[in-house]
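This report describes selected parts of one protein model. Please look at the sequence and the structure before reading on.

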Amino acid sequence: MSPSTVLIVRDEAASTLRQAFDAGREGTPQIVIVRGEAGIGKTRLLQEFHRELTILDAEAVFATGQCVDMGEIGSPYTPIRRLLRDLHSRLGDELLSAATPSARLALRGLLPEIAAPAASGATASDADTVSDALGALLDTVSHDRHLVLLIEDLHWSDTATLALLKTLSFTLRGEHLTLVMTYRTDDVGRGHPLRGVLADLERNRAVTFIDLERLAQDDAAALTRMLAPELDATAVQRIVERSDGLPFFIEELVALHEDRLPETLRDLLLARVESLSTGARDAVDLLAVGGVHIDSDLLDEAAQGWIERDRLHGGLREALAANILVTDSTGYGFRHALLQEAVHDDVLPSIRSGLHARFAGVLDVRLVEGHRELAAEVAEHWAQARDSVRAFDALIVARGFATDTAPEMVASQIGERMLEMWAQIPDAADRVGMSRSRFCARTAEDGLDDPRRALRIARSGLLETPPEHRTDRAALLNIASYALSILGDAAASRDSIIEALELLDRDDPSQHELLAECLLSRVRGAALSLRRDDFPELQRLTDEAISLTLRMDDPILQSRVVDAAAVLLCLAGSLHGALDRLRAHLVHAPTNRTELVLFISEQDVLVRLGRYAEADETTVQNVRGLPRDIDGLHFVELNHAEALFCLGRAEDGRRTAERGLDGIVGLQIMVSYGWRLLGLADIWSDRAELARQRFEQLRTEIDALTAEDGEELAGWGTCTLERLLNLAEIARDAGERTRTAEKAFEGALDIVRAKLEPGISRPHVVGAARALADAMHAGMDAEALEPVRAMIADVLDRHGADEASPAIAALVAAETARGTAGTPSETVDAWRAASDLAADGFVPVRQLWYARYRLAEALLDAGERDEASALLEMIGDGAPAHGIDVVARWARELAARAGLADADTGGLPQLTARERQVLELVAEGLTNPEIGQRLFISPKTASVHVSAILTKVGAANRTEAAAIFHRQG
């Protein structure tokens with residue numbers, strides 16, 4: 001294909017890649033994902049991108065990583081190793097000199113042949129994680145040069161690489177860096193591991209997607225004429241029709257130069273290959289068995305005894321000339337992965353297994369020399385060669401390597417493959433060093449990131465484990481219980497773990513570790529559906545588990561039990577007890593994942609206690625210096641964001657929540673929590689429409705999540721009722737106000753339906769009390785109101801006393817006074833008490849401004865106009881600084897209705913900072929897409945802002961809003 005081809009038929013995609021290249025070169029890291037079906041032109045687009053931009057910027061450093069189809073397992077970090085080799089070939093020892101000693105230790109395990117020794121005295125415990133090491137290395141190397149990293153065929157990527165790329169996409173801080181990746185859409189079906197990663201990447205604002213579609217007939221014809229100008233119109237049309245818009249097929253059809261076209265896709269793919277000489281075909285067959293791309297030295301070694309060296313190289317040259325193969329600085333590859341697949345499948349089975357054995361033998365030698373990273377590849381070749389024992393032995397090594405370097409899920413996938421082969425290996429248990437049942441439990445435990453998969457493995461193990469093997473069955477039942485609790489089946493989880501505990505002997509020291517794990521699962525699972533009658537029994541089990549871990553001197557397991565005990569106390573309403581237990585165990589700043597889990601719980605308890613400033617201070621102190629990719633850090637950021645919102649630091653809270661959401665890997669409950677925080681902030685910053693759109697965008701996810709987590713159900717109920725109550729507050733029509741209040745009351749009922757205990761119900765009772773008061777004003781039936789009234793009273797009665805208790809009780813009492821329409825003086829007294837207590841800072845700042853607004857409203861009803869006027873002015877001036885713009889607007893409108901101030905129909909004080917920016921651009925005459933481009937927001941978000949602005953400033957259209965802006969100066 002000529003250089004101009006891509007520019008003509010893929011000009012938009014090429015332009016996006018150029019923009020990403022230019023931005024990376026200028027110092028803004030860029031990530032682009034190119035996707036489309038097989039043969040659509042992804043590889044060719046990247047080749048042209050590479051060719052063109054290498055000419056434009058000779059100083060840029062390009063490196064390529066190729067994912068390889070090796071079944072479900074895959075060798076961990078295969079494309080990353082290729083990428084590092086490519087970088088090393090271009091930068092030499094300069095690449096390694098940029099790495100810190102700890103990064104070198106991590107990279108040595110990944111790629112021994114290029115990782116230089118670390119500083120003397122460094123040990124394995126000093127090693128960074130692979131993602132942290134790679135991120136730091138790329139950050140350093142890209143400081144003085146532009147790195148352009150290309151990773152192809154993510155649909156074949158191993159699980160470890162997917163996790164690494166996802167982490168890097170959220171944490172990459174390289175100064176001059178452009179990362180481009182591709183994948184086949186038709187190979188990523190339901191259940192494919194890439195799907196979950198893509199769902200998270202699509203929420204990442206730093207990632208741009210390019211969707212390549214089939215060519216329209218005119219473009220397909222143009223491409224055909226460029227490739228073969230001599231063809232007449234009939235031949236061109238015939239090729240266009242047969243290709244069905246796929247550029248790769250157009251190239252193949254044009255290259256045949258035959259009147260009779262192949263009948264099947266397979267025939268089309270093999271047509272050029274079949275025209276090769278015998279020697280060239282042997283070379284191509286060998287290469288196809290090795291993979292899409294093979295290093296030269298590996299190919300030479302595998303060819304020994306199969307084809308002479310001169311004949312091999314001659315065949316390779318012939319295949320290169322026929323445009324079947326391509327070459328680079330390290331080896332040979334097929335021009336397209338579809339070609340490799342077709343050739344591999346066309347090799348006779350007996351010959352194919354023999355060639356796989358050749359590659360397995362060569363790689364086995366390297367494996368013995370210490371290259372454990374090749375073990376999964378060796379296993380795949382031995383399996384294809386039908387040597388199960390050697391494949392099994394290689395999988396044992398691959399699993400050990402994955403355990404040391406990759407996410408646990410990789411080890412689980414390899415373990416599951418070993419379980420499938422177990423019956424074929426006579427002495428499998430001896431080779432692995434444990435029984436099949438125990439290995440099944442270990443494999444299921446490693447795979448808990450995918451609870452359905454872990455549950456399937458555990459249940460298959462139970463079917464094959466006889467009743468007399470009580471310990472093995474208990475281990476499997478424990479894993480099944482934990483998986484069931486993650487999946488939200490609390491009853492089945494409880495039954496499973498109770499059965500496990502009945503199988504264990506509490507007097508047998510050899511079972512104490514498993515016993516502690518089972519006790520932990522019992523407590524953790526029961527906490528999801530805690531009933532007050534369960535608490536004493538669960539407390540006893542927790543104490544027993546802690547006692548066991550102390551006797552075993554197992555600090556990690558002990559920390560997990562302590563965290564479960566703290567959660568249990570928190571759920572029961574004993575927040576101080578939970579905090580004391582956590583702090584007794586966490587005596588210093590967290591340095592690892594286990595300690596960070598305890599700190600996350602400490603943050604959560606501090607926020608529930610209303611000690612927001614302390615939560616902020618301890619977070620800043622304790623996470624300083626922790627690596628960005630440490631598992632759990634993004635949960636810390638979401639908890640921190642909630643504390644910041646409660647303190648009234650709205651912009652800091654928003655940035656922190658968005659940063660936390662960007663890095664969440666896999667745990668959808670936390671994604672829900674983060675979006676809920678942002679939605680609540682939208683509501684109180686007077687962006688109710690944006691909040692509604694956010695909720696609707698996530699409706700399917702929310703419905704699925706809240707079925708598994710009562711607190712999320714209650715949290716979204718609170719968001720719904722507060723959004724609707726705020727709308728009811730400004731409703732001028734009594735009927736509309738009543739209808740909105742009735743809808744909001746459904747949010748309060750959602751809180752009741754969550755059946756939560758006092759420790760996590762209390763944050764929602766103030767909103768529920770507000771809904772109750774509005775519902776009473778709306779004249780709803782008293783019987784319908786009773787469930788919410790009873791829930792509020794029950795939570796306040798059973799929650800332990802703490803710093804936030806007086807203010808929460810006062811706010812509820814004030815809402816009760818408002819709902820029952822007491823005397824004006826009683827209502828004033830109630831809201832004055834609520835405002836004074838809220839000012840102590842132990843309830844969210846939004847509740848303080850809301851209480852002040854209600855106090856001003858009550859003062860007006862009591863005839864205290866001067867005090868009401870001063871208070872309303874203070875609210876209008878002060879609330880927006882805390883992100884509570886909606887209450888400031890209510891205050892201005894109430895003042896205008898009461899005749900205390902002129903109606904503010906054209907002023908700008910009620911606009912948020914972002915809305916002022918948007919209005920300024922509206923005044924310049926920009927359209928919504930142009931505003932979005934200028935402010936780096938979507939046109940849809942710009943439209944929402946414009947609608948909100950028109951409402952707030954009382955303008956009928958954009959022109960009138962622009963006039964108001966200019967008039968206000």
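The sections below cover a sheet, its strands, and a few individual residues.

## Basis of the description

The model is predicted, so that local features need pLDDT of at least 70 and side-chain atom pairs count only at pLDDT 80 or more, while totals for chains, interfaces and linings use all residues. Residues are numbered from 1 along each chain as its sequence is written, and side-chain values use heavy atoms, with hydrogens and water left out.

## The parallel sheet

Five strands form an open sheet in the order S2-S3-S4-S1-S5, with parallel pairing; here helices (H or I, at least four residues) and strands (E, at least two) are DSSP runs numbered from the N terminus, and two strands pair if DSSP finds at least two bridges between them. The edges are formed by strand S2 (61–66) and strand S5 (207–211), each of which pairs on one side only. On average, neighbouring strands of this sheet are turned by 15 degrees against each other, direction ignored, where axes are lines fitted to C-alpha atoms, for helices over the stretch in contact, and angles run from 0 to 180 degrees between N-to-C directions.

Between S2 and S3 there are 6 bridges in the parallel sense, and Ala 63 stands opposite Leu 149 in S3. Helix H4 (residues 78–91) lies across S2 and S3 and runs at about 155 degrees to S2.

Strand S4 (residues 177–184) is largely enclosed by the rest of the structure, because 8 of its 8 residues are buried, buried meaning under 20% relative accessible area, exposed over 50%, and partly exposed in between (1.4 Å probe, protein chains only). Both faces are covered, with Leu 177, Leu 179, Met 181 and Tyr 183 buried on one side and Thr 178, Val 180, Thr 182 and Arg 184 buried on the other.

S4 is joined to strand S1 (residues 30–36) by 7 bridges, the two running parallel, and Val 32 stands opposite Val 180 in S4. Strand S3 (residues 147–152) also pairs with S4 in the parallel sense, over 5 bridges, with Thr 178 in S4 as the bridge partner of Val 148.

## Individual residues

Ser 559 belongs to helix H29 (residues 555–571) and counts as buried because its relative accessibility is 7%. Leaving aside neighbours within four places in sequence, Ser 559 is in contact (heavy atoms within 4.5 Å) with His 585, Thr 594 and Leu 598.

Asn 323, in the loop between helix H16 (309–321) and strand S7 (325–327), has a phi near 65 degrees, a positive value in a residue other than glycine, and is partly exposed at a relative accessible area of 31%. For Arg 386, which lies in the loop between helix H19 (375–384) and helix H20 (388–405), phi is likewise positive and near 65 degrees, and this residue is exposed, with a relative accessible area of 61%.
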